[in-house]
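User: Can you walk me through the packing in this one? I'd like the cut-offs along the way.

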Amino acid sequence: MNNTEPSAVAAGPKKLFLVGCPRSGTTWLQIVLGSHPKVSTVRETHLFDHYVNELYQRFQAEEYAFSKDGLRNVLDLDGLDALCRGFSQGVLDRIAALKPEATIILEKTASHIWSTRVMRRLHPDAWFLHVVRDPRAVVASILAYSNQSWAGGEKPDVPMAAKLWRNAVTIGHVELAQLGPRRIELRYEDMTDDPEGTLRRLLAALDLEPIAYDAAQFSIDALRQGNGDAPTRDPRWENRENFFRRGTVDGWRQDLSPQDVAIIEAICGDLMAELGYTPEA
């Protein structure tokens, strides 16, 4: 697919896509940001990875198909862009309408990190917030996540999970850096070590008034209890047991063997160093 980004910029609230390798704390940060009176958000929509990307993949496959059935009979790539831009903007507008005073539409689907090219193509004015977490903590969390009864898909091993982190973080840290100030990168550990200061700086970068960080409301213990009074579209509503784990910075030490740690550091070492994570080896 041609990845040239259109120059048209839509008016209205700022679009902010919160992405990162899954199990990096994106849901926690979304809940914190969603408490701001000027931020409207809902739980993961999978708008791009489950819906829009499917259309582009099918459209591309038609070019090489023996049969000439398909949308290429009535659309070229620009036409598909226009329809997909309208559809995805319509979804974002629905999110904005839930809080009419909002100046930011926050869409958080962590796995959209692998859809950022089409997201940038359709919404060239969008901002991206990339969350990074120590790969050892992410791998430990991915392995624990995959063992839950509600988790679907393939059960990864340590090398697979480490490569997942490396691939996702390369996109967020390297590729999205092309956006300049419209790409904000935040380390999970900075948010846990200094939530007040990190949140203040993040809100300033987004041109939002500061709000207090409510530790009682946003602690992992509080989030683990869920919020049964919230609507199911609210990211605070949660019915998956152990979706929120410990949330500690170095909890991976209890979960991973020295061999596991060595494998992760061998796969992720250069990016770890660049992002300020000290290897054990």
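This is a predicted model: local features need pLDDT of at least 70, side-chain atom pairs count only at pLDDT 80 or more; totals for chains, interfaces and linings use all residues.

Analyst: Numbering starts from 1 along each chain as its sequence is written, and side-chain values use heavy atoms, with hydrogens and water left out.

User: Which residues have the most contacts inside the largest nonpolar core?

Analyst: A nonpolar core here is a set of buried Ala, Val, Leu, Ile, Met, Phe, Trp, Tyr and Cys residues joined through side-chain atoms within 4.5 Å. Buried means under 20% relative accessible area, exposed over 50%, partly exposed in between (1.4 Å probe, protein chains only). The largest one has 47 residues, and the top names for contacts inside it are Phe-48, Val-52, Phe-128 and Trp-165.

User: Which residues do ring pairs link into a cluster?

Analyst: Rings of Phe, Tyr and Trp (its six-membered ring) pair if their centres lie within 6.5 Å; planes under 30 degrees apart are stacked, over 60 edge-to-face, the rest tilted. Phe-17 and Phe-48 go edge-to-face, at 5.6 Å centre to centre and 85° between planes. Phe-17 and Phe-128 sit 5.4 Å apart with planes at 50°, so that pair is tilted. The cluster is therefore Phe-17, Phe-48 and Phe-128.

User: How far is the charged end of Lys-14 from the ring centre of Trp-127?

Analyst: A charge sits over a ring if NZ of Lys or CZ of Arg is within 6 Å of the ring centre and within 35 degrees of the ring normal. Lys-14 does this over Trp-127, and the distance is 4.1 Å.
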